[in-house]
Amino acid sequence: MKQKPLYWRKLLFTFLGSLAVCLLILLPIVIVYTTKNLAQPVTYATLQAEIDRPEVSIYYIPHQDDDAIAFALSIAHDVANNIPIQVHLISDGANHDLQQNMASGLHYCKWHNTNHSFPLDDQDISRIRTQEFLASMAALNVPPDKIHLMNLHDYQTPAAWTADLYDQLKDSVKKQILANHAQYPNALHHCSSGFFDFDGPRNPVHLACWDAAAEITKASLIQADRFAFYRTYVFYQPPSHRWSQMTMNFSQFLPQHRISVQAYQAYDPANGQYALGMHSVPILMNNTIVDGIIYLDFLNNTVQVPNNVTVL
Ligand SMILES: [Zn+2]
C-alpha cells in the first residue's frame, strides 16, 4: 500500500521529464520555422508600403522605351501622389539595328506594309528616341527639371560590350545612385531587373543598375530595401506566364500608362515623328498595357525561382 504514491510520483516525474525533453527539442524548431515564415511577409509588406508611399522616388530607366513598358504605372502613381521624383535615362539611345530597319529599305515593316528608307542616320535615331522618351515623360507629367539624360553609350551587341566597357557603365550608374543617396538618403531607387529579366543574353544596360545596387548593398552603403527592380522583357510573355518575385496592381493609372506608350507610337514622318519605340519593340509596347500590374524583383530576399522558369 505504501508503494502506490511512489509509483505515481515516479510516473509524474517521468512524464514531466519527457515533456521537458520534447520542449527542448521542439522549441528551437518552432522558433526557426516561425521566424523564417514571418520574415518573408514582413519584408514584402515593408517593400510594398515603401513603393506605395516613398519619401522620394528616383528612377533609372535603361533605354528610351523601358519607361513606357515597365515604369510608367509607378511614375504615374508617384506624380499623382505628389511624391518628389527624379528620372535618369541611362542610354544614349544608340540602336543600329533600328536605324537599318528605318533607313536601309532592306526590311519589311508589317505595320506600314512597306520597306522604310527614311533619311535617318545613327545620330538621328538616338535623338528621335530621346525625343520620344521626353514626350513620354511629358505625358506622365514629370517636370522637365526632374529629368536627367545620362547619355551613356549603348554598344548594343554582346561582342562590343567588353568587360571594361561594362564596368565603366556599371560604375557610372553606381556613382549616380550614390550621389542621389547623398542628396536624398531616404529615397527609393527604382531600377530595371537586369538579373532576372531577360530575352536571351542579359542586356548590359538593364543589368548595370542591378549589379551597381548589389555592390552598394554589399558594401553596406545603402540598405537592400531601398531598391526595387522592374521587369521589361516579362511582357513578351502572355499574362498567365508572367512571373516576378512581387507584383503590385497599379491599374488605376492605366490611362496615364496608355498615353506614355502612345508617345512611342506617334507616327507622322513629315513632322519628324517615326514611332521608333513601336518599330523597335512592337510586342512589348502592345503587351504592356493589359492589367496594370507591375513586375518587381528585390535584392537579398529568400524568394525561390519557380521550377517552370529558366534562369540563364
Ligand atoms: Zn513602319
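User: Let's start with Ile-58. What is its bridge partner in E2?
Analyst: In E2, Ile-58 has Gln-86 as its bridge partner. Keep in mind that this is a predicted model.
User: Got it. How many bridges join E1 to E2, and do they run parallel or antiparallel?
Analyst: Five bridges link strand E1 (residues 57–61) with strand E2 (residues 85–91), and the two run parallel. In general, strands of a sheet pair through backbone hydrogen bonds, either parallel or antiparallel.
User: Nice. Which helix packs on the sheet and touches E1 and E2?
Analyst: That's helix H5 (residues 163–183). Besides E1 and E2, H5 touches E5 and strand E6 (188–192). The direction of H5 makes about 160° with that of E5.
User: What order do the strands of the sheet come in?
Analyst: The order is E5-E2-E1-E6-E7-E11-E8, an open sheet of seven strands with mixed pairing. Its edge strands are E5 (147–152) and E8 (246–249), and each of them pairs on one side only. From one strand to the next, the twist averages 25°.
User: Switching to helices: how do H2 and H7 meet?  At what angle do their axes cross?
Analyst: Roughly 145°, with the axes of helix H2 (residues 66–80) and helix H7 (residues 254–262) coming within 9 Å.
User: Is that crossing left-handed or right-handed?
Analyst: The crossing of H2 and H7 is right-handed.
User: And which residues are involved there?
Analyst: On the H2 side you'll find Asp-67, Ala-68, Ala-72, Leu-73 and Ala-76, and they meet Gln-256, His-257, Ser-260 and Val-261 in H7. By class, this contact of H2 with H7 has five nonpolar, three polar and one charged residues.
User: New topic: Thr-217. Where does it lie?
Analyst: Thr-217 lies in helix H6 (residues 204–218).
User: Why does Thr-217 count as partly exposed?
Analyst: Thr-217 counts as partly exposed because it has 17 C-beta neighbours inside 10 Å. To be buried, a residue needs 20 or more, and exposed would be 12 or fewer.
User: What separates the C-alpha atoms of Thr-217 and Phe-227?
Analyst: They are 9.5 Å apart, and the two residues are 10 residues apart along the chain.
User: Last one, zooming out: how many helices and strands does the chain have?
Analyst: The chain has nine helices and 11 strands. It has 312 residues, and 37% of them count as buried. Among contacts in the chain with a separation of 6 or more, 79% come from residues 24 or more positions apart.
User: Thanks, that was a friendly tour!

Terms used. Residues are numbered from 1 along each chain as its sequence is written. This is a predicted model: local features need pLDDT of at least 70, side-chain atom pairs count only at pLDDT 80 or more; totals for chains, interfaces and linings use all residues. Two strands pair if DSSP finds at least two bridges between them. Helices (H or I, at least four residues) and strands (E, at least two) are DSSP runs, numbered from the N terminus. Axes are lines fitted to C-alpha atoms, for helices over the stretch in contact, and angles run from 0 to 180 degrees between N-to-C directions. Two residues are in contact if their C-beta atoms, placed from the backbone, lie within 7 Å. A crossing is left-handed if the near helix is turned anticlockwise from the far one by less than a right angle, and right-handed if clockwise. Ala, Val, Leu, Ile, Met, Phe, Trp, Tyr, Cys and Pro count as nonpolar, Asp, Glu, Lys and Arg as charged, and the others, Gly among them, as polar.
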